[in-house]
Amino acid sequence: MSDRPLRNTRRTFLAASALGALSAVATGGTAAATDGTVEPTLTIECSTVSVDDWGSAFGARVVFEDGSFVNIEEGAPDTFGAPGRVIESVTLHDGDGNEWTRTNDATDCDPGGKSVTFTDSRATVRPGQFLEVDTYPGRLISQVDLHFVDGTSQEKVHLDGPESPDGITGVYRGTGEHAGKVVEAIEMFHDLGYVTHYVRNPAAERYLLGKATHQERLVEVMGATEGAVDYEFTVDGPVRAVTLSDRREASPGGNDAIASGEDGTTVSGTTGNPGYSDVYAVGGPITGFSQTGGDGDYVLREAEWRAVETTAPATDLLAVVATEDGDVDYEFTVEGTVRKVTNCGPKRSAGDNDEVVENDDGTVTVSGFTGNTGYGDTYAVTGDVTDFARTGGEAAFRIDYNGRELTPEELLAGD
């Protein structure tokens with residue numbers, strides 16, 4: 001979930017982050033019962049929890065293998081869960097801090113069809129998701145939010161009055177400034193038992209690039225020239241290794257190490273040579289970075305693009321993007337170096353039909369092809385662009401240069 005203001009009165013159900021809440025359930029032990037408490041009894045059936053006796057408990061959290069969860073703050077439904085999603089664990093709790101946790105010992109089960117389904121940018125909600133109520137919640141729904149992989153959220157429904165939300169069952173997608181964004185999860189809340197359904201989109205994983213949630217961010221130490229780079233950095237928060245490809249991965253237990261201490265987390269490692277890197281997901285700010293050995297240049301960057309520190313020559317991002325249906329053939333020349341950027345999504349990555357050729361005079365010529373609205377090719381450029389020309393096609397296009405939209409003339413003029 002994103003960091004957004006808490007709701008008023010009862011609608012403070014988002015006070016804790018999804019990551020923190022899930023971690024607390026998954027790792028916390030069962031609290032010792034005090035005098036007078038009655039242990040609840042329940043049965044887990046793949047995607048469904050059936051409570052035989054709530055005992056002293058009145059709330060529950062169900063965590064699913066895909067990171068989704070259902071949270072019940074006040075209530076005692078006989079059945080709850082999420083059709084089509086396999087339960088990992090269930091924790092019931094009372095008002096005195098006691099918890100009773102059960103794990104699912106049969107996760108190889110068949111959960112059946114899903115009541116909430118996704119494409120990259122769309123969520124479809126069906127009434128069968130709400131097992132904890134006898135009928136579809138209808139008037140009891142008080143909020144629906146979409147969360148996107150870029151860390152933003154959009155409120156789709158928020159009802160404080162008696163009107164019936166006719167549009168709850170159906171399709172949700174980002175609109176306005178969120179149009180076309182990849183959905184990470186949909187979150188739905190209703191007042192009966194103060195129940196939250198947080199359902200994650202499995203299609204979001206490839207866009208999160210190894211992050212567990214958007215609250216983490218990727219830090220990458222990448223070689224920029226031939227030669228080794230030994231490094232060390234500290235983070236005020238947790239760190240874990242991430243694998244994006246066979247060239248972009250950290251290797252704890254190999255030549256990389258992660259050590260946690262009272263003052264934060266220290267990461268040390270070795271990488272080097274262009275295109276090779278060590279990648280980490282971090283949960284706090286970087287408080288120090290140093291190259292401890294090796295004669296190679298490096299780039300320390302966050303979130304795929306933003307360079308935090310570098311000993312390499314300045315690198316710019318240049319993308320040729322079609323703005324209407326049709327073809328765009330192009331060619332440009334750089335006094336310096338160019339490499340294809342192949343990891344910025346299916347619409348903006350340079351591909352096999354794009355070519356980078358090093359010339360004998362120290363320049364590089366790039367020739368490529370793209371087309372159709374929003375599709376383009378992205379390159380990392382070190383040096384000045386000295387020539388740019390369309391070589392074919394009739395579709396309109398734009399040049400994105402470090403996030404700024406330029407014409408070919410502005411690009412060549414260095415604007």
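Mentor: Three strands form an open sheet in the order E1-E2-E5, with antiparallel pairing; strands here are DSSP runs (E, at least two residues), numbered from the N terminus, and two of them pair if DSSP finds at least two bridges between them. Strand E1 (41–45) and E5 are the edge strands, each pairing on one side only. From one strand to the next the twist averages 25°, with axes taken as lines fitted to C-alpha atoms and angles running from 0 to 180 degrees between N-to-C directions. E1 and strand E2 (residues 48–53) run antiparallel and are joined by five bridges. Within E2, Ser50 stands opposite Thr43.

This is a predicted model, in which local features need pLDDT of at least 70 and side-chain atom pairs count only at pLDDT 80 or more, while totals for chains, interfaces and linings use all residues. Residues are numbered from 1 along each chain as its sequence is written, and side-chain values use heavy atoms, with hydrogens and water left out.

The loop between strand E4 (69–72) and strand E5 (79–81) contains Glu73. Glu73 is partly exposed, at a relative accessible area of 33%; the partly exposed class lies between buried (under 20%) and exposed (over 50%), using a 1.4 Å probe and protein chains only. The side chains of Glu73 and Asn71 are joined by a polar contact of 2.6 Å, that is, a pair of N or O atoms within 3.5 Å, where within protein one must be able to donate a hydrogen and the other to accept it, and residues adjacent in sequence count only if both atoms are side-chain atoms. Beyond its neighbours within four places in sequence, Glu73 is in contact (heavy atoms within 4.5 Å) with Phe58, Gly59, His93, Gly193 and Tyr194. Gly59 is 14 residues from Glu73 along the chain, and their C-alpha atoms are separated by 4.8 Å.

Gln129 is placed in another loop, between strand E9 (122–125) and strand E10 (141–148). Gln129 is buried, because its relative accessible area is 1%. Leaving out residues up to four places away in sequence, Gln129 touches Gly81, Ala82, Pro83, Ser115, Val116, Met188, His197 and Val199.

As for the setting, the protein chain has three helices (H or I runs of at least four residues) and 30 strands. Of its 415 residues, 45% are buried. Among contacts between residues at least 6 apart in sequence, 71% join residues at least 24 apart.
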